[in-house]
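Please look over the sequence and the model shown below. The explanation that follows begins with one term and then moves from a single residue to the whole chain.

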Amino acid sequence: MNTTPADRRTGPADGGPAAGPEADDRRAVTGKRRIAFAAYADEDRMPGLLVLLRSLALTGPAVCEDFLVLHPGLPDSAFDAARRLHPRLLPRTARGRLDVFRLTGYDTVVALGTGMVVLGSLAPLLALRTGVAAVPGPGGEGPVRGGGLSVIQLQDVTDTVLDALARGEEEADRVLADEGLLVPLASRYDVPARPPHDDTPVPGSTVVLRFGEGRSGEDGGASAFSAPARAARERYEMDDEAFRAAYCALPGSKHPELLLHCALPFPEGGRAPVDLVRQVAEVHRQQGRYDEAVALLTAAVADRPDLPRCHETLGISLMALSRYEEAEAHLLLATVSPDFAARAYGQLARLAWLLGRTEDAHAYAREGLDADPADGNCHAWYVRTRSTEATAEGRAEEQLAHVALFADGQENAGDKVLPEAVRMCFGPDTGPARWHERSVHRLVDEPGLEELNARRGIVVGGGGLFLPDTAPNGNSGWQWNIPDALLARITAPLAVFAVGYNVFDGQRYRRERFAESLRALVERSAFFGLRNQGSVDRVRELLPEELRDRVRYQPCPTTVARHLEPGTADADHRDDTVLVNCAYDRAGLRFGHDYGHFLAETAAAVRAIGKRAEVRYAAHMPADEKFVHDLRREHGIALPVEPLYLFTNDRIRELYRHTRLVIGARGHAGMIPFGCGTPIISLVSHPKLAYFLSDIDRPEWGVSVHDRALGARLAERAADVLDHHTAAVADVHGRQERLWSVTRANLGELQKVFGLSDPFSGAPVPHVPGPRTAEGARDLHLPDTRTK
């Protein structure tokens with residue numbers, strides 16, 4: 001039986017992708033492709049390698065994949081010059097350049113030669129998904145001969161191909177052709193440099209210009225090639241300082257790692273351009289290194305009130321460190337520019353709201369709208385903070401405090417349904433008489449702590465609150481904005497309920513503050529339940545051994561909605577519809593280089609499914625509608641849109657309850673319909689979707705957005721559900737029973753802690769008061785009801 005390198009692959013431990021110590025790597029869960037460039041270099045080829053690396057960066061500034069240097073055993077110091085040009089350079093010992101076909105740890109490899117110069121973007125090559133692609137040689141010969149550029153999908157390189165390579169390149173060409181693996185590329189991706197007496201200009205469409213691979217990158221020296229070819233190459237023969245300056249001066253988007261690599265450290269004694277400093281600081285901010293961003297920008301704006309864009313970035317970074325007074329001052333400086341005033345006022349409104357200054361937040365939002373009446377962020381804050389008639393609350397000692405993300409306006413529909421589902425676990429009354437609502441993002445100060453401790457208990461969750469970059473704060477490193485010192489003084493029983501570890505595959509974040517806050521939270525909690533076993537495992541990795549067993553499994557309550565609303569019957573009639581959903585937050589982390597592939601494959605699936613049922617689009621947020629626009633523009637398919645962000649919770653559940661199938665990329669586009677008893681297929685672009693399917697022992701209900709056969713798999717799975725719908729619904733109900741069993745067991749214990757009756761049986765439960773001292777709060781823990 002043929003095996004492929006995918007079977008032999010061992011991943012990063014075997015020299016795979018250098019994701020970095022701060023990057024979360026869950027590609028094995030999401031199916032995200034691992035891509036690398038590669039070239040073979042011995043000592044004579046090293047000068048050519050440097051030219052290749054410079055040209056690659058300067059013509060593709062937004063691309064930075066691993067670059068593998070295959071070599072015959074050179075000392076590590078031989079790569080010092082190359083490392084100064086590329087932040088992800090990885091040497092690997094090899095017998096020759098054909099070892100590129102035997103690489104492990106990657107899915108796609110773009111094989112280059114050290115005699116090549118890149119003159120245009122190679123980004124289209126990164127989207128290729130099948131076979132071995134190359135520019136055909138004379139007479140349509142294969143891609144291996146002569147060391148030309150190749151794009152190799154390693155899963156297609158079978159043992160038969162490897163055996164053929166051992167017998168010679170011509171034999172390998174024949175086998176690749178016989179197996180239908182050769183994919184022709186346009187000639188512009190491998191243009192031979194012309195001989196010395198041919199002064200024809202290098203074609204403007206040239207992407208890769210190929211010279212020989214001698215010591216200077218040329219067979220026979222510079223005179224062996226034409227003057228136009230030599231001129232094209234000489235543009236990239238520069239020293240390190242000139243290369244760094246050239247990269248930093250490029251217009252348009254740049255890859256964060258390449259930008260930091262080329263810009264830092266800034267030259268001593270000279271003043272770096274302010275805009276470059278701001279770009280570097282913005283990269284630090286986006287990657288969670290707020291201290292570095294603040295340090296850079298504080299120096300840059302010293303005595304410079306005329307730099308509004310820098311003051312805006314500095315203010316946002318200071319907010320992320322919970323240095324709110326300083327942040328407000330810099331954001332106010334940013335409002336002096338008409339170009340940035342509305343954005344800065346929107347941030348000021350958020351800052352004031354975080355601190356409980358609702359009237360100030362409203363005023364800031366109003367000023368932002370005066371600056372730009374069309375600014376959506378200011379409008380949202382203006383609506384959120386305008387005075388409304390106060391709702392009467394119940395007695396504090398009879399209430400539970402609920403700390404959660406409460407969506408309003410046109411925000412995420414899942415974040416609207418979820419808080420209500422959490423409250424329904426504790427009884428039918430989900431209103432202010434029973435619950436004291438507090439946004440997880442608002443700073444817990446002394447009055448806030450007093451409010452929490454006055455309640456009979458505190459429920460934190462659910463949702464993916466363990467995420468570093470949604471409303472970042474320096475107090476906890478996750479979404480609950482509470483300092484450790486105040487967390488230690490919580491005396492009411494505290495339950496973390498159905499929270500998720502929501503870090504994206506490939507996302508970088510600093511774990512130190514989060515890990516410290518997490519430990520304090522687990523120590524303080526009477527109950528600590530996470531919504532999937534994947535989150536349980538990830539959080540336990542960050543805890544000391546003595547605390548790990550306190551982390552247990554508590555499914556998201558949206559997944560058991562049928563049991564939380566006992567008076568709601570299962571749908572006796574379903575519309576002949578299939579609902580589709582897609583998510584676009586952090587799209588680069590979700591799709592990598594595969595968005596075009598994803599769109600084309602889902603278009604094919606929508607066409608196939610549309611022959612059996614009406615396909616409609618379920619938008620959880622306005623931004624989700626990008627899928628509908630892209631599908632219509634790129635593939636001519638128009639889908640009716642259900643704007644769930646405008647619906648009530650009951651209407652959202654009704655829609656999901658009465659459709660036949662939901663295909664969703666959002667976590668709650670799977671969990672909510674599943675909880676309503678509707679079959680689902682998950683488009684896996686985030687680990688949490690795979691975690692949920694693993695918990696219900698149905699991994700086959702998910703398809704990676706990177707899957708090469710995504711369209712066919714979706715269509716086949718959807719057809720099976722529609723053809724055997726009664727059985728599919730019964731399967732959902734059966735999976736749900738296990739989740740409900742775990743939830744009931746956990747709720748039984750929490751009812752004792754909070755002194756509540758069982759809302760699902762009516763049996764009273766005696767009140768067991770929680771500890772009312774900070775020290776005593778450490779001692780209240782529940783038995784472990786984790787499912788094995």
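A contact means that heavy atoms lie within 4.5 Å. The model is predicted, so local features need pLDDT of at least 70 and side-chain atom pairs count only at pLDDT 80 or more, while totals for chains, interfaces and linings use all residues. Residues are numbered from 1 along each chain as its sequence is written, and side-chain values use heavy atoms, with hydrogens and water left out.

Leaving aside residues up to four places away in sequence, C64 touches H86, P87, R88, H255, E257 and L258. C64 sits in the loop between α3 and β2 (66-71); helices (H or I, at least four residues) and strands (E, at least two) are DSSP runs numbered from the N terminus. C64 counts as buried because its relative accessibility is 2%, where buried means under 20% relative accessible area with a 1.4 Å probe, protein chains only.

Helix α3 (residues 46-59) has 14 residues, of which 13 are buried.

R657 belongs to helix α28 (residues 649-657) and is buried, with a relative accessible area of 7%.

Across the chain there are 32 helices and 23 strands, and 58% of the 788 residues count as buried. Among contacts with a separation of 6 or more, 71% join residues 24 or more positions apart.

Terms used:
Buried means under 20% relative accessible area, exposed over 50%, partly exposed in between (1.4 Å probe, protein chains only). The expected span of a helix is 1.5 Å times one less than its number of residues.
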